[in-house]
Amino acid sequence: MTTLLTGTDTLTRDALAVLQPGFAGATAPDWVLRRIGEGLSSVALFGRNIRTPEQISALTAQLRAERDDLLVAIDEEGGDVTRLEVRHGSSFPGNYALGTVDDLDLTRSVARELGRRLAACGVNFNWAPSADVNSNRNNPVIGVRSFGADPDLVARHTAAYVDGLQSAGVAACAKHFPGHGDTAVDSHHAMPRIDVDLDTLHARDLLPFRAAVAAGSKAVMSAHILLPALDPNRPATLSPQILLGLLREELGFDGLIVTDGMDMEAIVATYGIERGTALAIAAGADAICVGGGPSDEGTVLRLRDALVAAVRDGELPEERLADAAARVRALADWTVRARGAAEPGADSQEGTAPGTTSVTLSGPASGSAGDSVSASVSRTAAADDAPIGLVAARRAVRVTGTGKPLDEAPYVAAFTPLANIAVGDETPWGVAPELERLLPGTETGAYTSAGIDGTDTAALAGKVLAAAGDRTIVAVVRDLHRHAWMADALDGLLAARPTTIVVEMGVNEAEPRGALHIATHGAARVCGTAAAEVIAGRV
């Protein structure tokens with residue numbers, strides 16, 4: 001292990017300690033190892049750093065050879081937002097699916113197993129769970145990352161998730177404080193503004209964060225959002241009223257406050273990354289998340305130097321920087337203790353269903369004929385042996401309609417919206433791979449809004465029909481209620497082919513339609529597996 005350089009002064013070491021930078025590559029660059037020796041206490045892993053579990057373990061071992069108590073952070077929510085399985089899709093459904101099932105033991109078990117896998121790879125700090133209440137159905141960045149729109153439900157599951165994750169020795173981080181759920185703007189691109197009164201904030205958005213604090217969450221992540229009722233001038237990440245007054249004093253949180261990515265446009269476009277970093281620490285943040293975009297040594301040095309300059313210029317009290325660095329080191333100490341004291345890790349079978357799960361079919365589907373059916377389909381085949389993530393995904397499926405399962409290979413039409421930055425466009429999603437396994441010969445095509453001006457949706461439906469030929473069509477959509485082009489194209493498709501099966505893998509707000517309508521409540525790989533099982537009658 002490298003000893004901290006005696007030539008690096010305390011102020012510079014503290015400035016490095018509060019940074020949580022990313023880097024490029026599957027191994028640690030020399031500059032990262034060198035800065036760890038000078039006081040860097042955290043690093044962040046992103047999808048670009050991950051190849052296999054063995055490779056991640058080797059990478060974290062390489063990092064910890066420099067400093068055993070290093071915080072290795074990751075943005076691993078499961079569901080749509082996965083870094084651990086960025087190239088294949090997550091083995092765990094996300095929050096929306098878990099909230100739909102509303103079984104706290106299940107949520108706790110999923111979080112514990114996810115934490116066990118992270119810990120096995122040497123990751124000890126997870127920027128999860130999202131504690132946002134998705135109160136705006138058109139939210140472009142939260143959506144299925146939230147447990148739902150009901151504050152009480154979100155609070156219960158946030159606490160269960162924190163408990164499960166931390167029982168595996170991985171620090172949880174409730175985000176995005178004080179709540180990103182009522183936004184129509186993605187803070188990756190611009191500054192969102194939430195104009196609601198204090199009573200609404202306390203009764204709705206803050207409830208899950210109170211629950212996270214009560215559950216002992218080791219960290220809370222701030223949001224780059226403007227809430228005039230709390231601070232009319234600065235976003236939460238840069239607001240002493242919000243970070244110190246509300247989170248520290250009123251909610252009683254004593255853990256680590258980490259910012260959302262400081263390279264996001266909500267901060268960069270208004271304040272710049274260097275000034276924003278200094279303002280965030282001065283406002284009460286303890287750690288600076290950076291590296292989802294810039295991941296080079298120059299960025300780290302600029303932020304380090306900006307913090308040192310802010311102290312020397314009197315804009316950032318040295319005691320505040322020292323306190324922030326101390327909180328980072330305290331969390332690092334906890335992870336070392338937790339590494340040996342965590343509950344015995346669950347294997348891939350832990351938390352599996354003790355009996356059977358069910359899929360409920362109910363109500364008439366829009367555009368389908370015949371009487372509605374309401375039945376419970378017992379899922380007994382290998383249910384006891386299924387991994388906990390697949391068990392949870394199966395339980396989250398909701399099926400509506402009078403159509404029948406397929407026994408011949410279909411044509412899958414995946415209507416693909418533009419992915420937000422948090423989700424990314426690298427992770428595969430959908431039902432086609434699993435349907436190909438269950439129904440060999442399944443073919444698929446991807447369809448986007450490119451070139452559609454509002455009058456071309458009929459042509460898009462025509463392309464799907466031509467590609468499908470005589471096959472039954474499985475139309476896969478994501479947040480149908482938010483995308484007019486997608487809804488129009490689907491309506492045209494259903495008018496021509498009423499036997500079409502519709503799979504909604506986003507927020508399930510649109511009216512059910514299709515011979516069968518299958519809502520998975522997320523687009524994780526296991527959600528696609530669960531939907532394919534229903535389509536092929538393997539339930």
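This note goes through a predicted model point by point, from the whole chain down to single residues.

1. Overall make-up. The chain contains 18 helices and 16 strands. It has 539 residues, and 60% of them count as buried. Taking contacts between residues at least 6 apart in sequence, 78% join residues at least 24 apart.

2. The sheet β2-β3-β4. Three strands form an open sheet in this order, and the pairing is parallel. At its edges stand β2 and β4 (125-126), each of which pairs on one side only. Between β2 and strand β3 (residues 71-74) there are four bridges, in the parallel sense. Within this pair, alanine 44 has alanine 73 of β3 as its bridge partner.

3. Is serine 41 buried or exposed? Its relative accessibility is 2%, and serine 41 therefore counts as buried, the cut-off being under 20%. Neighbours within four places in sequence left aside, serine 41 is in contact with Leu16, Ala17, Arg67, Leu70, Leu71, Val328 and Arg329. Of these, Leu71 belongs to the stretch 71-74 that makes up β3.

4. The sheet β5-β6-β7. A further open sheet of three strands is ordered β5-β6-β7, again with parallel pairing. Here β5 (173-177) and β7 (256-259) each have a single partner strand, so one side of each is left without a neighbour in the sheet. On average, and ignoring direction, neighbouring strands of this sheet are turned by 25° against each other. Strand β6 (residues 219-222) is joined to β7 by four bridges in the parallel sense. One of the residues in this pairing is alanine 219, whose bridge partner in β7 is leucine 256.

5. Helix α9 and its buried side. Which residues of helix α9 (residues 240-250) are buried? They are Ile242, Leu243, Leu246, Leu247 and Arg248. These residues lie on the same side of α9, because the arc they cover around the axis is only 165°. After α9 comes glycine 252, which has a positive phi, near 75°.

6. The packing of α5 against α14. Helix α5 (residues 104-120) and helix α14 (residues 388-396) pack with their axes 9 Å apart, at an angle of about 145°. Their crossing is left-handed. On the α5 side the contact is made by Leu106, Ser109, Val110 and Glu113, and on the α14 side by Ile388, Ala392 and Arg395. Sorted by class, the contact has four nonpolar, one polar and two charged residues.

7. Strand β16 and its two partners. Strand β11 (residues 398-401) is joined to β16 by four bridges, and the two run antiparallel. In that pairing, arginine 398 has alanine 519 as its bridge partner in β16. Strand β15 (residues 501-504) is also joined to β16 by four bridges, but this pair runs parallel. There, valine 502 stands opposite histidine 517 of β16. What is the state of the two faces of β16 (residues 516-519)? Both are covered: Leu516 and Ile518 are buried on one side, and His517 and Ala519 are buried on the other.

8. Phenylalanine 415. This residue is placed in strand β12 (residues 411-415). Its relative accessible area is 0%, so phenylalanine 415 is buried. Not counting residues up to four places away in sequence, phenylalanine 415 touches Trp429, Tyr447, Leu460, Val464, Ala475, Val476, Val477, Arg478, Trp485, Met486, Ala489 and Leu493. Alanine 487 is 72 residues from phenylalanine 415 along the chain, yet the C-alpha atoms of the two are separated by 9.7 Å.

Definitions and conventions: Residues numbered from 1 in each chain as written. Predicted model: local features only at pLDDT ≥ 70, side-chain atom pairs only at ≥ 80, totals over all residues. Heavy atoms only, no water. Pairing = 2+ DSSP bridges. Axes fitted to C-alpha atoms, helices over the stretch in contact; angles between N-to-C directions. Left-handed = near helix turned anticlockwise from the far one by under 90°. Contact = heavy atoms within 4.5 Å. Nonpolar A, V, L, I, M, F, W, Y, C, P; charged D, E, K, R; others polar. Buried < 20%, exposed > 50% of the residue type's maximum accessible area, 1.4 Å probe, protein only. Arc of directions from axis to C-beta.
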